[in-house]
Amino acid sequence: MKITRQKHAKKHLGFFRNNFGVREPYQILVDGTFCQAALRGRIQLREQLPRYLMGETQLCTTRCVLKELETLGKDLYGAKLIAQKCQVRNCPHFKNAVSGSECLLSMVEDGNPHHYFVATQDQNLSMKIKKRPGIPLMFIIQNTIVLDKPSPKTIAFVKAVESGQLVSVHEKQSIRQLKEEQGLVRDPELRRRKKRKKISGPNPLSCLKKKKKAQGTNSSPSEKKRKRKRIRNRSTSKVLSEKQNNAEAEG
């Protein structure tokens with residue numbers, strides 16, 4: 001039974017790998033219902049998922065899932081502990097948290113560019129995931145992990161791509177990568193970095209002539225003392241000369 005499950009998983013993984021670019025490490029988005037089912041079935045996710053998928057895996061969740069588990073109280077305390085050990089991926093609901101199912105749906109929009117697996121026991125979420133092509137779906141049944149087969153929507157999408165009616169997201173990424181390697185598409189960030197600086201003229205303030213200092217306005221105290229001393233010397237010499245003249249006249 002275990003060998004049959006792994007054969008099916010290998011077949012489904014090959015389908016998603018060849019048509020949608022799914023690769024290791026497999027990023028598995030889990031919600032509260034999947035963590036609760038793993039807890040009840042005593043399933044060690046970190047050990048059993050890599051064995052089942054025969055490759056490296058990363059358990060992921062979002063802040064909205066953790067917030068939802070906190071609000072549900074003690075009944076899902078064990079599931080919350082499991083979810084807290086997962087890597088937290090950034091979701092677009094920074095300010096206002098949404099339900100876990102709505103958050104996981106937003107994480108696989110636009111063709112699931114990050115190649116997420118969605119692991120859930122929520123039937124409504126599973127039905128919505130199956131309506132979007134290229135998203136691997138996982139669940140737990142009879143205490144065993146199961147990778148669901150590709151949905152009819154996914155198979156129809158692949159057939160449309162093969163017939164040339166559509167272009168898959170994986171092919172779009174490959175085409176863009178080839179164009180970038182050939183230099184046909186330029187990265188806008190590189191344009192901003194390589195943008196030349198405008199040649200600016202000289203600073204108008206630096207062109208102004210320096211003002212000459214007013215003469216005689218700022219005189220040091222030593223110069224004032226010298227001037228005063230000279231005036232005193234002149235007055236005393238004048239007095240002495242007058243006394244000599246008077247003495248000669250009297251004689």
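Mentor: Start at the hairpin of β5 and β6, which has two residues between the strands. Gln 142 in the turn has a positive phi of about 50 degrees. Strands here are DSSP E runs of at least two residues, helices H or I runs of at least four, numbered from the N terminus.

Trainee: Is this predicted or experimental, and how are residues numbered?
Mentor: The model is predicted: local features need pLDDT of at least 70, side-chain atom pairs count only at pLDDT 80 or more, and totals for chains, interfaces and linings use all residues. Residues are numbered from 1 along each chain as its sequence is written, and side-chain values use heavy atoms, without hydrogens and water.

Trainee: In which sense do β5 and β6 pair?
Mentor: Antiparallel, over four bridges; pairing takes at least two DSSP bridges. β5 covers residues 137-141 and β6 residues 144-147. Phe 139 has Val 146 in β6 as its bridge partner.

Trainee: And how many helices and strands does the protein have?
Mentor: Twelve helices and six strands.

Trainee: What share of the residues is buried?
Mentor: 31% of the 251 residues. Buried means under 20% relative accessible area, with a 1.4 Å probe and protein chains only.

Trainee: New topic. Among contacts between residues at least 6 apart in sequence, what percentage joins residues at least 24 apart?
Mentor: 67%. A contact is heavy atoms within 4.5 Å.

Note on methods. Buried < 20%, exposed > 50% of the residue type's maximum accessible area, 1.4 Å probe, protein only.
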